[in-house]
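This report describes the fold, the strand pairing, the nonpolar cores and the ligand surroundings of the entry shown below.

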Amino acid sequence: MLVATILAAQCTDERVNEVTATLFQKYQTPQDFAKADTATLAAELKPTGFYQQKTQTVQMVCQTLVERFGGKVPHTMEELTSIPGIARKTANVVLNCCFNIPSGIIVDTHVARVSQRLGLSEARNPDRIERDLMDLVPSDAWTFWGPAVVMHGRYTCKAKLPECDRCIFLDFCPQNGVETSSTKPKAMTPPEEISSLTRSIENQIPSTSISQGGKIQHKVADSVSSSSSAIDLFHSQSWKTALKDEIQKPYFRELLEFVNLERQTQAVFPPPAEMFTALELTPIDRVKVVILGQDPYHDEGQAHGLSFSVKRGVKLPPSLRNIFTELAQELNIVPAKHGDLTHWARQGVLLLNAVLTVRAHQPNSHKDKGWERFTDAIIQAVSQQQPHVVFVLWGRYAQQKAKLIDDQKHTIIKSAHPSPLSASNGFFGSRPFSKINDALNQAQQTELDWSLPAS
Ligand code: SF4
C-alpha cells in the first residue's frame, strides 16, 4: 500500500493497479525495492508518470524501512511521518486501510470538497479539515470514513455537477457552494448520518517528494490537490489530447508541486478542484471565443477558474461591473445580479487567465511560476487546432499574447482593459460583444447569447 500510494501521485488507480500487478510479484519486500537496479525500476514505474521521482521516493522510503524499521512498515503516525517522503495523508492511508488503525482521517481532494459541501469544515488546509472531522466523526469510524467519502466524492458528490438528486445526504446536506436544481435542505449534517455510507475502500491518496542530487528534500507535496492528477482534472478528452505533451514536461510538474506546497501554508485561490474550470467547461473542440485575463481574483470566495467571473453571491469586481455596463449599453442586456460567467463558458467562450492560481490577497503572487508557459500552450493549441476563433485581448498584457495566434485564420479583437483604470480610455464603447458575434457570423458559426441566467 505504501508503494502503491507513492505511485498513485498524478496517476489513475487503474494504471497503478496495472503496474503493481507485475511489480509486486517481482519486488516482494522493502529490501527488494531498496536494492533494485534504479534504471530498471524506473522503467517499470514509467507508466505511472513522474517515474524518476517516484523511483527515488520508493527506494528512499524502502531503504529507510530496512535501515530503521527492520524492513517492516511501522504502525504509528509518528514513525511513519518521520520517513522522508511520507506525510500525514499517506500515513493515514496506510494505517487506516492496511492496519485498521484510527490514526486520523484521510483527507484528499474529494474528502475536502465533500466536507465543505456538507458543512463539516470550512477550512481549506487538509490538516485543519482533518482536525474538524476528527472532532465530528466518532474515532471508531475514522478508518472507513475517509475512504468511503473519497468514493462518495468520486462518484456522487463530484467536483463538477454533483449528483445531488440521487445522493443519500440530500435531505440534510446544506450543499455549500453547489449550484443545483435540487431542493436545498436546511439542516447541518449529524455525524451519525455520515456513517450510513457504504464501507468501501478503493482510493489511495498519494504524496510526492522531490529528489535532487541524490538527496531527498523534505518537500512533501501533500496538499489536498496533490491527489488529483492533471489528467483527472481535464475531463475533456479534447484537452487531454491537446495538452498531453505539455503536462508531461518537467516545468508543469514543478508548477503543480509549487502550488501544492503553497496550499499547505497559505490560502490559495481558486480551490484545487476549480483550477481548471475554464478547460472543464469549454473543451478545445468547442472553443469559439477566447477572453484572456491575467490573474485570478485574490479575495476569499471570488475566483472559480474562469477569467473575470465570480461565483454567485459574490460582489461584482469593478472590471466585471464595467463589462456588464458595456454589455448593457451595447446590446441592451440587463446585467445579471451575479457575476458567474459559466453560461458563456458553456457556449464556447474560453475564459482563460494567464496565471491560474494566486495567494490570497497577494495579486500576481503566482506570476512567473510556470502558469504563463502552460496557458501560452493552451492559446497556441486553440490557434492551431480550431478553424476559427475570436480572441479578445483586453489591455496590454493580453495583447502581448497576439503573437501566439494565427491572425490569418482567426479574428483578434483588441481594446483597453475593462478595469476602472482604463475602461474610460477605450473599453467603453468598443462594442466587443457585437464584434464577436459579427466575426462568428462571418465564419458561419452560431452567435453567442451574452445574457446570463437571472439566478
Ligand atoms: S447532496 Fe449534493 S452536495 Fe451534498 S453531499 Fe450529496 S452530492 Fe454532495
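**Basis and terms**

A residue is called buried under 20% relative accessible area, exposed over 50% and partly exposed in between, with a 1.4 Å probe and protein chains only. At 18% relative accessibility, Phe 50 therefore counts as buried.

The model is predicted, so local features need pLDDT of at least 70 and side-chain atom pairs count only at pLDDT 80 or more, while totals for chains, interfaces and linings use all residues. Residues are numbered from 1 along each chain as its sequence is written, and side-chain values use heavy atoms, with hydrogens and water left out.

**Overall architecture**

The protein chain has 20 helices and 8 strands; helices (H or I, at least four residues) and strands (E, at least two) are DSSP runs numbered from the N terminus. Of its 455 residues, 58% count as buried. The chain exposes about 20000 Å², of which carbon and sulfur atoms supply 49%; accessible areas come from the Shrake-Rupley method with a 1.4 Å probe, and for residues only the protein chains shown count as cover.

A contact means heavy atoms within 4.5 Å. Among contacts between residues at least 6 apart in sequence, 65% join residues at least 24 apart.

**Parallel strands**

Two strands pair if DSSP finds at least two bridges between them. Strand 4 (residues 289–293) runs parallel to strand 5, to which 5 bridges join it, and Ile 291 stands opposite Leu 351 in strand 5. Strand 4 also pairs with strand 7 in the parallel sense, over 3 bridges, with Val 289 opposite Val 390. Strand 7 is in turn joined by 5 bridges to strand 8 (residues 411–415), again in parallel; here Val 392 has Ile 413 as its bridge partner.

Strand 5 (residues 349–353) is largely enclosed by the rest of the structure, because 5 of its 5 residues are buried. Val 349, Leu 351 and Asn 353 point one way from this strand, and Leu 350 and Leu 352 the other way. Strand 7 (residues 390–394) is mostly covered, with 5 of its 5 residues buried. Its Val 390, Val 392 and Trp 394 point one way, and Phe 391 and Leu 393 the other.

**Nonpolar cores**

A nonpolar core is a set of buried Ala, Val, Leu, Ile, Met, Phe, Trp, Tyr and Cys residues joined through side-chain atoms within 4.5 Å. In the largest core, of 71 residues, Leu 350, Trp 371 and Phe 374 touch the most other members. Helix 18 (residues 371–385) supplies the largest share of this core, 6 residues. A second, separate core of 29 residues includes Val 3, Ala 4, Leu 41 and Ala 91.

**Backbone features in loops**

A cis peptide bond joins Phe 269 and Pro 270, with omega about -10 degrees. Pro 270 lies in the loop between strand 3 (268–269) and helix 15 (277–281).

Phe 50 is not a glycine, yet has a positive phi of about 45 degrees; this residue lies in the loop between helix 4 (38–45) and helix 5 (51–69). Asn 100, also not a glycine, has a positive phi of about 55 degrees and lies in the loop between helix 7 (88–99) and helix 8 (109–117).

**Ligand surroundings**

A residue is near a molecule if one of its heavy atoms lies within 4 Å of it. The residues around the ligand include Arg 117, Leu 118, His 152, Phe 169 and Gln 175, as well as Cys 157, Cys 164, Cys 167 and Cys 173. By class, this shell has 8 nonpolar, 2 polar and 1 charged residues. Ala, Val, Leu, Ile, Met, Phe, Trp, Tyr, Cys and Pro count as nonpolar, Asp, Glu, Lys and Arg as charged, and the others, Gly among them, as polar.
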